[in-house]
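Visitor: I am new to this structure and would like to learn how to read it. Please show me the molecule, then take me through its features in turn.

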Amino acid sequence: MVTDGTLAKIILLALPLAFLAYRLLPQRFPLALTLPAGIVLGAALSTVTITLLPPGIISYVVSFVVMASIYSVLTLGLNVQWGYTGLFNIGIAAFFAIGAFTSALVTTLPPEGAFAQFSQQLFGLGAPFLIGVLAAGITAGILAFLVGIPTLRLREDYLAIATIGIAELTRLIFQNERWLANGPQPLRGIPQPLKCLVEDPVCAWLPGPLQDVFGGLAARDYVWVYMLVVTVILAVVFLILERMLRSPWGRVLRAIREDEESAAMNGKDVARFRMQAFIFGAVIMGVGGSLYAHYFISIDYSHFDPLYATFLIWVMLMLGGSGNNRGAILGAFVTWGIWTGTTFVIDEFRPVLAAISSDLPARGPYFRFTLISLLLIGILLFRPRGMLGEEKEVTRP
Amino acid sequence: MTETPVNLQPRPIERIRTLMASRLGGVILLLMVFAIILIATLVKGVPTQQLVSLTVRGLMLGGIIALGAIGLTLISGVLKMANFAHGDFMSLGAYMALLAIALLPTGQPMGPFSFGPEFLAALLFAMLVVGFIAWLFDRFIYRRLRARRTMSVVIAMASLGVALLVRSLIYISWGGDFSFFYTGRARPATAELFMGIRVRPDQLFILGLAVVFIIMIWFVLERTRLGKAMRATADNPDLARISGINTDRVVMWTWFIGGALAGASGVMYGLDAQLRPEMGWFLLLPLFASVILGTLGNPYGALVGALVIGVAWQVSSAFLNPAYGPAVAFVVMIIVLLFRPQGLFGKAGS
């Protein structure tokens with residue numbers, strides 16, 4: 001058991017499951033009861049899944065959870081802007097991309113020797129992962145501040161148009177400026193946090209018994225470790241948001257969304273609160289970008305196409321229910337499921353497509369865009385609240 | 001408003017604000033934009049002939065953008081929504097013409113142009129189809145949302161879904177590669193203008209066609225009952241309805257005209273450059289920049305805005321990587337939003 005890393009996987013999967021179980025248990029029971037119950041449930045569920053399901057399916061599920069969680073962070077950022085404050089940002093890709101590239105530049109080392117001829121970057125600090133995450137959030141926040149100055153005091157459509165513009169501009173810059181981040185070539189070698197857990201010898205700082213447990217993990221099992229990293233950050237972002245949006249600050253945001261004038265008449269500085277919400281949402285998107293970069297190791301401008309770096313996130317929020325953080329996460333997981341699931345469906349239909357036209361099978365991926373766009377229109381027409389919708393009473397002292 | 005008794009002198013920043021809001025402000029703003037571009041070309045030492053040549057090309061590009069922008073500004077005015085699908089209507093127009101050209105028998109090229117008479121039929125076909133489809137989307141999506149008194153931002157979001165839907169269908173039908181209306185046909189720059197500037201005859205055709213369409217639009221808006229109703233609805237929808245204007249009919253015609261113009265604009269862009277499924281999306285930013293520069297809802301403003309954006313785009317390519325063309329439109333738009341958000345022709349505070 002120790003040698004093949006199963007126990008390590010059980011532990012890595014049990015932690016997020018325990019948190020999930022703890023959150024889903026009724027909150028009226030005391031913490032002393034729910035917390036241990038959550039841990040026991042998580043451990044049990046984790047053991048059962050890993051021993052019962054075939055390993056191929058489990059590792060697919062794990063990489064699915066990583067991607068869906070990264071998108072959940074981005075969707076939570078959008079929820080602060082749109083769901084709570086009504087800010088129409090359709091340039092998520094800009095904050096996503098700048099977060100990803102900032103984190104990459106901060107954590108990598110500048111290329112040396114012969115390698116420097118093939119790869120260029122503005123700087124490389126070789127800083128730890130968490131510094132990269134922090135820097136990603138800060139730069140995305142600064143970008144939001146700059147976009148917000150000319151647009152937030154105007155009608156909503158202006159913000160939307162300006163954010164499309166900033167997303168295109170960001171993408172063009174990362175595509176054309178070689179000196180900045182090696183565009184249009186990918187920026188490679190982005191370090192991965194806690195990588196030593198899957199290396200041999202295992203991280204020296206681990207206590208002895210755990211060294212034995214994690215020693216069994218192979219390099220290809222890294223996605224298990226990253227799942228823990230991503231889900232922990234997702235949980236932290238979620239808890240902070242729940243706390244902030246239920247505070248008086250969050251109440252003002254909703255008041256502004258519902259009726260700007262009456263909020264202003266009650267002495268609230270509307271422009272200031274909108275700016276705060278816009279920046280705060282962008283910071284979270286930047287963090288999401290950072291998580292994305294460290295998962296993919298190598299990133300380039302094409303990762304931040306408006307189709308999957310902006311629209312997909314909008315569909316996630318609208319499907320889950322804007323104004324609801326749990327809805328945002330649920331929407332991200334369900335939409336990512338639909339998005340990846342359709343690949344299999346389209347593969348099944350390949351012979352049919354080939355019978356219609358020989359060109360069609362190669363264009364299979366485009367059917368996903370059709371589906372996603374129909375999904376967005378359908379939600380707006382038939383279920384504007386989304387799956388969960390906003391909760392009526394959310395204020396807690 | 002109560003006036004403060006102390007210090008009646010306006011602060012300098014206030015003075016600048018008032019100046020920019022005045023009629024003169026629009027002119028100053030335009031001069032500012034062109035001064036920045038001109039200084040940049042002088043610093044780079046761009047020869048005058050290239051500068052003039054780029055300006056001419058910019059006016060042509062502006063003509064193409066104008067057709068899209070006029071439709072977009074009419075829709076913004078009459079329906080009070082931002083139509084993010086407008087760029088993709090342009091792509092749809094280009095691909096509809098491509099479809100028609102593939103189906104029609106290919107004729108001999110007419111005179112110096114690269115296309116035969118079937119191209120004109122294809123242009124008409126594209127305009128009708130896109131106009132009709134634009135109306136269909138309104139009938140089945142936007143009208144339902146309006147009936148439910150949905151916020152205009154949410155309707156704009158639906159238009160984003162429509163944009164993606166149209167583009168994905170183009171991708172499925174034609175793939176993601178470049179296409180040309182007439183593959184392999186040479187398009188030399190044989191037409192000579194003044195100062196030794198040479199352009200392709202097709203480009204003169206495009207410019208002429210843009211002028212014809214703009215005159216037609218002017219005629220519809222100023223000389224027909226429909227145009228009068230459209231202007232009235234754009235000005236004040238409720239007042240228009242109670243004065244007996246059939247606003248549903250106005251909405252229908254607004255979409256049809258807007259869609260047909262977008263279709264024509266897409267065909268013309270495709271003739272000038274090439275066809276790509278995402279061509280319309282890249283043009284969306286210049287379209288909105290023109291509309292905002294020329295004041296939302298003002299078709300003549302959109303025309304002026306489009307010409308300014310077209311020239312700024314082309315001339316800036318003398319000192320900037322041409323890939324940044326749409327970004328130049330974005331920068332102009334940000335300058336406008338900062339100093340004169342009501343656009344060149346808007347009144348202060350509107």
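Guide: We start with a term: a residue is buried if 20 or more other C-beta atoms lie within 10 Å of its own, exposed if 12 or fewer, and partly exposed in between, with C-beta atoms placed from the backbone. A nonpolar core is a set of buried Ala, Val, Leu, Ile, Met, Phe, Trp, Tyr and Cys residues joined through C-beta atoms within 7 Å. This is a predicted model, in which local features need pLDDT of at least 70 and side-chain atom pairs count only at pLDDT 80 or more, while totals for chains, interfaces and linings use all residues. Residues are numbered from 1 along each chain as its sequence is written, and chains are lettered from A and ligands numbered from 1 in the order in which they are written.

Visitor: Which residues have the most contacts inside the largest nonpolar core?

Guide: They are Ala97(B), Ala126(B), Val130(B) and Met333(B), in a core of 230 residues. Domain bounds come from an automatic or database domain assignment. Domain 1 (1-52) and domain 2 (61-305) of chain A both contribute residues to this core, so it lies between them.

Visitor: What does Val130(B) touch?

Guide: Two residues are in contact if their C-beta atoms, placed from the backbone, lie within 7 Å. Setting aside residues up to four places away in sequence, Val130(B) touches Phe89(B), Leu92(B), Gly93(B), Met96(B), Gly259(B), Ala260(B), Ala262(B) and Gly263(B).

Visitor: How many residues does each chain give to the contact between chain A and chain B?

Guide: Chain A gives 31 residues and chain B gives 33 residues. Helices (H or I, at least four residues) and strands (E, at least two) are DSSP runs, numbered from the N terminus. On the chain A side, the elements giving two or more residues are helix 5 (129-151), helix 6 (156-176) and helix 16 (366-382). Helix 6 of chain A has the largest share, 12 residues. By class, this side of chain A divides into 21 nonpolar, five polar and five charged residues.

Visitor: How do I check the length of a helix?

Guide: The expected span is 1.5 Å times one less than the number of residues. Helix 11 (residues 279-293) of chain B has 15 residues and should span 21 Å; its end C-alpha atoms are 22 Å apart, which agrees. Helix 6 (residues 152-174) of chain B, with 23 residues, reaches 33 Å from its first C-alpha to its last, close to the 33 Å expected. Just after helix 6 of chain B, Gly175(B) takes a positive phi of about 80°.

Visitor: Where does helix 11 of chain B have a kink?

Guide: The bend at a residue is the angle between axes fitted to the seven residues ending there and the seven starting there. In helix 11 of chain B a kink of about 25° lies at Leu285(B), shortly before the proline Pro286(B). This helix is mostly covered, with 14 of its 15 residues buried.

Visitor: Is Phe84(B) buried or exposed?

Guide: With 25 C-beta neighbours inside 10 Å, Phe84(B) counts as buried. Phe84(B) lies in the loop between helix 3 (48-79) and helix 4 (86-103) of chain B. Beyond residues up to four places away in sequence, Phe84(B) touches Ala156(B), Ser159(B), Leu160(B), Ala163(B) and Leu284(B).

Key. Ala, Val, Leu, Ile, Met, Phe, Trp, Tyr, Cys and Pro count as nonpolar, Asp, Glu, Lys and Arg as charged, and the others, Gly among them, as polar.
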